[in-house]
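Welcome! Here is a short tour for anyone meeting this structure for the first time. Take a look at it, and then read on.

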Amino acid sequence: MNSYGKVNKNTDEPVEQGASHWLASLRRWRENHIKEKTFVVMLALVVGVVSGLAAVLLKFLIGFISGILTRHVHIAGGNYEYLVFPVVGILLAGMYVRYIIKDDIYHGVTRVLYAIALRKSRLKTHNMYASLVSSSVTIGFGGSVGAEGPIVFTGAAIGSNLGQFFRLSPQTLMLLVGCGAAAGIAGIFKAPIAGVLFTIEVLLIDLNSRSVVPLIIASVTGATVAYAFTGYNVEFFFSQSEPFFTSRIPFVILLGLFCGFVSFYFNKTIEMMENMFAHITNHWVRFAIGAIILSLLIFLFPALYGEGYGAINSLLNGDVTPLFDNSIFYDYRNSVWWAVGLVGCLCLTKVFATSATNGGGGVGGTFAPSLYVGCMAGFFFAFLLNSLGVVDQSLPLSHKNFALLGMAAVMAGVMHAPLMAIFLTAEMTGGYDLFLPLLIVSVVSYLTSRILLPYGIYSRRLAKRGELLTHHKDKSVLTLLKIDSVIETDFIAVHPKMSLKEMVDVIAQSSRNLFPVTDDEGRLLGVVLLDDIRNIMFRPDLYRRIYVERFMSSPPAQIEVGTPMEQVMKTFDETKAWNLPVVEKGKYVGFVSKSKIFNSYREVLKHYSYD
């Protein structure tokens, strides 16, 4: 008996019963009564509401756990609790992921990009809650990461699973994944414009006539839900007490350059630490190393605890002394140079604390850490120049303004998303009066970082494997195509010791004009082209005198199994060939042809395009 229970006698198809029957009826009713474009708009609204609620819940859980744990910490000195809390957090999160979820949910934004590129935007059901639970524990206990990556993963999974439930096409699933991610960002930061820009610049979803309305609806809905539950206050309080003068533009450009190099440092350090942890095969050794690094850093610099939004708010108010709270350096809070040193140390060590949190088993993103490092970098830049007397002391650089500009600059450089960084910083701080310097500093930082590193932090992992979709549609379609799907194997192999007579017999049996030459172990030695032997194949006097090894030739190139399709096409362009042999560790597998690739390309392009 199948899961449906009964069989229709007329059609021999299973008859759905109970809840399954009701759900199937709902799907059929939708297909018959609601056009897909209208239905996608309706789903975008639902995704926005649910993702917004998930963002509100995540922030509540983080604040609730952190509030309970840090309620009794001693403000005027070191606290040994900071050696314990972060360790417990990444232990609990790691065990939850390893033994309950039993799936890799780390690097949430990268996994969303991977799902878009290679999994037809399909995300598993548990992704709708797994990151939310594990990241709230990680960050609440002090893990030095952000909640934004997990909420993007959660929102994207909500959109994907809702689309899968209604059996929508991969193109529509991709759009709903973008809607969920946009709503998550909008809900966690109360920044609807930034939510839309995130899907365009980071998730690389095209903004066209079909996608623009659902993305905006989902993003605005997610932000509205957050406002409804947490009020209309911005995420970070910023009051511009000093006006911005155009004479400061050269310093803004210098800050952009400085933050571009800080972004490079951020990305390369993350990559180095990830590689280090990846080479440690034992889970408990990774946990121990991550726990030691994280707990020691947070004990020395308590401002690294959690997302670090308190430290950001302090600097945006121009006050550096709260960074000394709960610290063994508390007694030095009134020293200018101690303040400069502490801000510099926080800027440099945050990335190690973030890497240790994720490497040790915690779950969190790099969104908040990039904001944190940017705020520290901007404040440090202005503070140092003022302290060294580089700037006219009658009109010093505003620490607050440059801290705000640094946030946008480093985020733009780290993620290669300047528009999102500009609008996100303005939306979550209310710093719209600094829009011109925000534009300048973000673009300069982005260009500097782009010169040093071709990819942002999220796309780098997929780009290395040739699995990254981009706004360049040709490259995206080639990324979706895989070499295995276009290999043709109906070529008859010949051997170098075969005579011309045997070769002619093979030609008579084949519909191809190309023949691979292999040895006894299947290694490719060369090829025989029908055109090359046409002048001798009808001369019986040569049948027993000439062998394949005499007239075979070397192919212009060989394609290894697993080669990215973009590289395959480059090889075709360089060699001017129409067919190329495919090998696996030197052994012949088949041929790939331009015509086969072009046919597959057209099919993928037809399904990949929205319009």
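A salt bridge here is a side-chain nitrogen of Lys or Arg within 4 Å of a carboxyl oxygen of Asp or Glu. With that rule, a search of the whole structure turns up 11 salt bridges. Please keep in mind that this is a predicted model, where local features need pLDDT of at least 70, side-chain atom pairs count only at pLDDT 80 or more, and totals for chains, interfaces and linings use all residues. Residues are numbered from 1 along each chain as its sequence is written, and side-chain values use heavy atoms, with hydrogens and water left out.

Burial is judged by relative accessible area: buried means under 20%, exposed over 50%, and partly exposed in between (1.4 Å probe, protein chains only). K497 counts as exposed because its relative accessibility is 60%, while E549 counts as partly exposed at 39%.

Now for the helices, which are DSSP runs (H or I, at least four residues) numbered from the N terminus. Helix α5 (residues 130-140) is mostly covered, with 10 of its 11 residues buried. What covers these buried residues includes α2, α3 (85-101), α6 (148-165) and α13. After α5 comes G142, whose phi is positive, near 115°.

Helix α13 (residues 336-359) holds N358. Is N358 buried or exposed? N358 is buried, because its relative accessible area is 17%. Contact means heavy atoms within 4.5 Å. Leaving aside neighbours within four places in sequence, N358 is in contact with Y106, V145, V363 and G364.

A nonpolar core is a set of buried Ala, Val, Leu, Ile, Met, Phe, Trp, Tyr and Cys residues joined through side-chain atoms within 4.5 Å. The largest one has 124 residues, and those with the most contacts inside it are F189, F198, L323, F367 and M420. Helix α14 (residues 367-387) supplies the largest share of this core, 13 residues. A second, separate core of 19 residues includes V504, V528, I533 and M537.

Note on methods:
Helix = DSSP H or I, 4+ residues; strand = E, 2+ residues; numbered from the N terminus.
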